Amino acid sequence: MTLCIHCGTCGGCALQDMDAPAYGAHKKAVVEAALAKAGVRAPVLNPIIVPPKTRRRAVFKIKSLPEGLHIGFHAARSHTIVDMHQCEVLTPRLLTLVGDLRARLEAQFGVGEAAELHVTETATGFDAVLRWQRNPTPHLIAGLSKALGGIGLARLVMNGQMVFETAAPAVLLGGIKVALPPGAFLQATAQGEAALQARVKDIVGSAKTLADLFAGCGTFSLPLAHGARVHAVEQDGAALAALAAAARAPKLKPVTTEARDLFKLPLTALELSRFEAVVLDPPRAGAQKQAGALAASRVARIAYVSCDAASFARDAAILAAGGYTPGPVQPIDHFLWSSHIELVAAFTRGRR
């Protein structure tokens, strides 16, 4: 493929100049090295690599300079913003949005002002959350509403305050429509999400009672609820409410929800005893305490989804010490040409 014009400058794609075989081998080696360091023996499969131009969410850095408004990502090892005019990672609609934002926002910023815009592409338009040092005064809200109308934004929230919403941002998870709260977490690409969902479904198999820990808005809960009763646990109240509302769709098995900080208060071995399988999808820090509780439990199957090889390997060692056998680890690369990698793995045990 032709290298992006920003390759070598933008900090988002440090590995774009690698050829495909070397790149795939590198991503696999990252996972293998993390497992080896933690003393975990498990086969690592060749990574599933999503196509270019499929990333549906991004955090854009914005700064007004004398020569104009710059929007893009930070340069490598720098706080300088690369003014983005090409990207082989973002969806075409997201890249088009960057140009629209540059043209529409320039008059709103004074020279030297900076901001950050979190954007997710949904089925009904872009969900955008703006973080800016300014206060969202009525005058500024009116200005932003006028400037950013008609470019595909379904919703804009600034510093926690609604600026406008023309349509509720929504996605389909397991065929179920989910109305997203502002700034909700989604997997980086729809293609990577589908690969994760398929592998998780294979791991939990015929289990009829499941716990989905760090459930978010229902990435795994809703697809699995077509065939199993699911207990979804999540700290984020808005995400949990979105999941609960979507789970009322017809033909799903019952989905119960629980608001809980699993870092401070993991489900205990006793609480876990009523589930045949568990889905574990923590943030980058992993789930050390929850892994310890799982290691002491009788849960037969665990599907562990991770976006950080090091924290996954640490938790995998805990589960292995508790008697679990780690199955093949499947890397799924939807952080193209970056140092990051998503992965999913099975942990199984016989009866105790």
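Predicted model: local features only at pLDDT ≥ 70, side-chain atom pairs only at ≥ 80, totals over all residues.
**Entry 1**

H8 covers residues 288–295 and H9 covers residues 309–321. Their axes come within 8 Å and cross at roughly 20 degrees. Angles under 35 degrees count as roughly parallel, so H8 and H9 are roughly parallel to each other.

Which residues make the contact? On the H8 side I noted Gln288, Ala291, Gly292, Leu294 and Ala295. H9 brings Arg314, Asp315, Ile318 and Leu319. Sorted by class, I get five nonpolar, two polar and two charged residues.

**Entry 2: the sheet of eight strands**

Next I traced an open sheet of eight strands, in the order E1-E16-E17-E15-E14-E11-E12-E13, with mixed pairing. A reminder to myself: strands of a sheet pair through backbone hydrogen bonds, either parallel or antiparallel.

Which strands sit at the edges? They are E1 (48–49) and E13 (255–259), and each pairs on one side only. I looked at E1 again: two bridges join E1 to E16 (residues 325–333), and the two strands run parallel. Here Ile49 stands opposite Asp333 in E16.

Then I checked what packs on this sheet. Helix H4 (residues 190–204) does, touching E1, E11, E14, E15, E16 and E17. The direction of H4 makes about 5 degrees with that of E17. Helix H6 (residues 237–246) lies across E12 and E13, running at about 170 degrees to E13.

**Entry 3: the sheet of seven strands**

I moved on to another open sheet, where seven strands follow the order E4-E3-E2-E5-E6-E7-E8 with mixed pairing. The edge strands here are E4 (81–83) and E8 (161–165). Neighbouring strands of this sheet are turned by 30 degrees against each other on average, direction ignored.

I also found helix H3 (residues 138–147) lying across E6, E7 and E8. H3 runs at about 30 degrees to E8.

**Entry 4: a look at Lys61**

Where does Lys61 lie? I found Lys61 in strand E2 (residues 57–65). E2 pairs with E3 (residues 68–74) in the antiparallel sense, over five bridges.

Which side chain makes a polar contact with the side chain of Lys61? It is that of Glu116, at 2.3 Å. Leaving aside neighbours within four places in sequence, I listed the contacts of Lys61 as His70, Ile71, Gly72, His74, Ile81, Ala115 and Glu116.

Notes: Residues numbered from 1 in each chain as written. Heavy atoms only, no water. Pairing = 2+ DSSP bridges. Helix = DSSP H or I, 4+ residues; strand = E, 2+ residues; numbered from the N terminus. Contact = heavy atoms within 4.5 Å. Axes fitted to C-alpha atoms, helices over the stretch in contact; angles between N-to-C directions. Parallel < 35°, antiparallel > 145°, perpendicular 65-115°, else oblique. Nonpolar A, V, L, I, M, F, W, Y, C, P; charged D, E, K, R; others polar. Polar contact = N/O pair within 3.5 Å; in protein donor to acceptor, adjacent residues only side chain to side chain.
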